[in-house]
Amino acid sequence: MKSLKESLLMTRRIVFAFLFFYLSLVVLPKFCFQQTGNFWFQTILSKRTSDPRWETPPPTSEELTEINTILSQPFTFLGGGMQSFVFLSEDRSTVIKFFKHRPSILKKGRFRTHTPYLDSIFNSYHIAFNQLKDETGVFYIHLNKTDGVHPRLTLIDKIGIRHHIELDGTEFVLQKRADLICPKLRALMESKDIDGAKQSIESLVCSLKGIYEKGVKNNDKAFRRNVGIVGQKAVLFDAGSLFLNSGIYHSSESKRDVLQKGINLEKWLM
């Protein structure tokens, strides 16, 4: 009788232990992800030192005034990916991207830590700013720390908590806000704006062609998730996987890539 009770007690302990680990490793992370978007303020705080590779010409006084006017408004959490967290300006015209400097949980709440290799990502945004402003919508990059140049920014996370960050002390990118291309095309077609949809598709092809013409290759294969429309112009808003390849425009690879993207988009349109 005693051994039976001990067996039952041991079974209960095993069941409770299993439930505890299941809740801790599966349910709780997913709940936290849904509530917070996996955003943790400490992740975007930087201890990096300045690097001459990421230097850019300083903005003119007029440009700096415009940039700081944009940064004077609060930015609200929009989303996050493997490389950065994205916040949307109050006037909904601009996004600011902060890079992940510490490991974060990926895959929608699963316990998989990932720290992006920032040198390659910074190099990519450096290319976007210097060579592909029109094709990416990137109009300002701050990849080295400054002193007394930018204001303190107010960030509002997914659960409404306000954070204040000293912009001079961390790295960020400013980019025009874009609508995802597929929902945008769907909205245009549903409103019978066929000409607008055609213009958006033509702009996409021109944008892809322009990127290759400038000797830049995009290693990101998630095409429909990373291309958007600003006004009627297509832009590559996820510009974190670019690298220079001077021979890409003259290679058959570029033609195949544009053709494949066109075929994929055509399948979605059908």
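## Ground rules

A residue counts as buried when its relative accessible area is under 20%, as exposed when that area is over 50%, and as partly exposed in between (1.4 Å probe, protein chains only). Helices (H or I, at least four residues) and strands (E, at least two) are DSSP runs, numbered from the N terminus.

What you have above is a predicted model, in which local features need pLDDT of at least 70 and side-chain atom pairs count only at pLDDT 80 or more, while totals for chains, interfaces and linings use all residues. Residues are numbered from 1 along each chain as its sequence is written, and side-chain values use heavy atoms, with hydrogens and water left out.

## Helix α3 and its surroundings

Let's start with α3, a helix of 14 residues covering 118-131. From its first C-alpha to its last it reaches 19 Å, close to the 20 Å expected; that expected span is 1.5 Å times one less than the number of residues. Most of this helix is covered, with 10 of its 14 residues buried.

## The seven-stranded sheet

Seven strands make up an open sheet with mixed pairing, in the order β6-β9-β3-β2-β1-β7-β8. The edge strands are β6 and β8 (162-166), each pairing on one side only; two strands pair if DSSP finds at least two bridges between them. From one strand to the next, the twist averages 30°. Helix α3 packs on this sheet, where it touches β3, β6 and β9, and its direction makes about 140° with that of β6. Here contact means heavy atoms within 4.5 Å, while axes are lines fitted to C-alpha atoms (for helices over the stretch in contact) and angles run from 0 to 180 degrees between N-to-C directions.

Now follow the pairings one by one. Strand β1 (residues 75-80) runs antiparallel to β2, with five bridges joining the two, and G80 stands opposite F85 in β2. β1 and β2 form a hairpin with three residues between them. Strand β2 (residues 84-89) is also joined to β3 by five bridges, again antiparallel, with F87 having I96 of β3 as its bridge partner. β1 also pairs with β7, this time in parallel and through two bridges; there F75 stands opposite L155. In a regular strand the side chains alternate between the two faces of the sheet.

## Salt bridges

How many salt bridges does a search of the whole structure find? The search finds eight, each being a side-chain nitrogen of Lys or Arg within 4 Å of a carboxyl oxygen of Asp or Glu. One of them joins R48 to D119, with the closest N and O atoms 2.9 Å apart. This pair links distant parts of the chain: R48 sits in the loop between α1 (2-36) and α2 (61-70), D119 sits in helix α3, and the two are 71 residues apart.

Because E166 lies in strand β8 and R152 in strand β7 (residues 152-156), the pair ties together parts that are 14 residues apart in sequence. E166 is partly exposed, with a relative accessible area of 44%. D179 and R177 form another salt bridge, with 3.1 Å between the closest N and O atoms; D179 is partly exposed at 28%, and R177 is partly exposed at 27%.

## Cysteines and I181

The structure holds zero disulfides, a disulfide being a pair of cysteine sulfur atoms within 2.5 Å. C182 is buried, at 7% relative accessibility, whereas C206 is exposed, at 54%.

Finally, take a look at I181, which is found in helix α5 (residues 181-190). I181 is buried, with a relative accessible area of 0%. Its C-alpha atom is separated by 8.5 Å from that of N226, a residue 45 residues apart from I181 along the chain.
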